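Let's take a walk through this protein together. Keep the sequence and the 3D view open while you read.

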Amino acid sequence: MLEVSNLNKFYGKNHAVNDLNFTVASGEILCLLGANGAGKTTTLNMLLGFIKPDSGSAILDGLDMYYQRSACREQMMYIPENVHLYPSFTAIENIAYLAELAKMRVSDGEIKDVLIRTGITENQLDRKVGSFSKGMRQKVAIAFALLKHAKLVLMDEPTSGLDPVATQEFIDVVNTIKERGTAVLIVTHDLLCAHQLSDHIGIMSQGQLKQFIKNEQLTLPDLTEHYFNQFS
Ligand code: ATP
């Protein structure tokens with residue numbers, strides 16, 4: 001589904017992303033961990049087509065994510081750290097508006113259905129989202145990803161600032177999109193969330209992917225040790 005090959009980005013002499021190689025299959029979750037400045041955001045920006053790689057490629061289902069970025073955007077969903085919605089619109093109205101912009105034909109019933117599946121309750125459906133918490137706004141964004149059958153969902157720091165209950169709800173909702181066959185890539189500093197959620201964990205340091213580990217083989221103390229080893 002997502003195939004990153006020999007991806008490189010320099011800022012002057014700074015090799016911000018250094019020969020990155022990884023894949024995320026359909027229905028898999030990859031969490032990319034790494035210290036500040038490790039190159040995670042630069043990687044994400046290349047996958048989003050915001051910045052041009054100096055060499056290498058990121059391919060989503062056969063499409064180059066920089067050179068064919070418009071076509072790729074139709075197939076993916078980016079969920080930033082803080083999801084921006086129209087505060088004076090309800091959750092349903094926000095999604096209807098996004099669907100209209102994406103030229104999708106959807107009924108209110110379909111929109112309600114995806115919102116309910118992400119954990120928005122019946123009585124929250126018609127509330128203006130200006131009062132929604134970060135976790136609830138994320139659910140609305142994930143509902144839109146479900147509605148558009150996104151092949152890839154990219155998320156940046158989704159659990160920062162979420163309390164433990166909201167974090168658990170987030171994990172449950174992401175598992176819903178995984179079950180639908182979506183590939184999910186999450187950039188995070190949250191080791192616990194990465195451990196609970198991912199199929200694979202990538203640890204970046206100084207632009208390089210130092211480790212790419214299958215999560216099922218890991219305990220949380222193992223992951224913590226792998227993470228801190230990058231500094232020693
Ligand atoms: P954080 O966790 O703090 O967001 P990160 O892992 O996302 O860090 P990046 O933001 O990708 O790291 O930065 C990787 C390297 O590239 C750093 O050395 C950073 O200073 C540098 N860098 C990032 N953006 C730019 C830019 N626009 N111009 C110059 N250097 C940049």
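## Ground rules and a covered helix

Let's start with a word we'll need a lot: a residue is buried when its relative accessible area is under 20%, exposed when it is over 50%, and partly exposed in between (1.4 Å probe, protein chains only). Helices (H or I, at least four residues) and strands (E, at least two) are DSSP runs, numbered from the N terminus.

With that in hand, look at helix 1, residues 40-47. Six of its eight residues are buried, so this helix is mostly covered. The buried ones are Lys40, Thr42, Thr43, Leu44, Met46 and Leu47. Just after helix 1 comes glycine 49, with a positive phi of about 75°.

What you're looking at is a predicted model, where local features need pLDDT of at least 70, side-chain atom pairs count only at pLDDT 80 or more, and totals for chains, interfaces and linings use all residues. Residues are numbered from 1 along each chain as its sequence is written, and side-chain values use heavy atoms, leaving out hydrogens and water.

The pLDDT score is the predictor's confidence in each residue, from 0 to 100. Here the protein's mean pLDDT is 93, and 100% of its residues reach 70 or more. For the complex, the predictor gives an ipTM of 0.96 and a pTM of 0.92.

## Two helices side by side

Now find helix 5 (residues 134-147) and helix 6 (residues 164-179). Their axes come within 10 Å and cross at roughly 5°. Axes here are lines fitted to C-alpha atoms, for helices over the stretch in contact, and angles run from 0 to 180 degrees between N-to-C directions. Angles under 35 degrees count as roughly parallel, over 145 as roughly antiparallel, 65 to 115 as roughly perpendicular and the rest as oblique. Helix 5 and helix 6 are therefore roughly parallel to each other.

Which residues of helix 5 and helix 6 meet? Contact means heavy atoms within 4.5 Å. From helix 5 come Gln138, Lys139, Ile142 and Leu146, and they meet Glu169, Phe170, Val173, Val174 and Ile177 of helix 6. Sorted by class, this contact has six nonpolar, one polar and two charged residues. For those classes, Ala, Val, Leu, Ile, Met, Phe, Trp, Tyr, Cys and Pro count as nonpolar, Asp, Glu, Lys and Arg as charged, and the others, Gly among them, as polar.

Helix 5 also holds glycine 135, which is buried at 13% relative accessibility. Glycine 135 lies 85 residues from leucine 220 in sequence, and their C-alpha atoms are 24 Å apart in space.

## Cysteines without a bond

How many disulfides are there? A disulfide is counted for a pair of cysteine sulfur atoms within 2.5 Å, and the count comes to zero. Take cysteine 31: the closest cysteine sulfur, in cysteine 193, is 5.6 Å from its own, too far for a bond. Cysteine 31 is buried, with a relative accessible area of 0%, and cysteine 72 is buried too, at 1%.

Asparagine 94 sits in helix 3, residues 91-101, and is buried, with a relative accessible area of 2%. Leaving aside residues up to four places away in sequence, asparagine 94 touches Leu85, Tyr86, Phe89 and Val129.

Most residues other than glycine have a negative phi. Aspartate 19, in strand 2 (residues 14-24), has a positive phi of about 55° and is partly exposed at 39% relative accessibility. Aspartate 61 has a positive phi near 50°; look for it in the loop between strand 4 (55-60) and strand 5 (63-64). At 41% relative accessibility, aspartate 61 is partly exposed.
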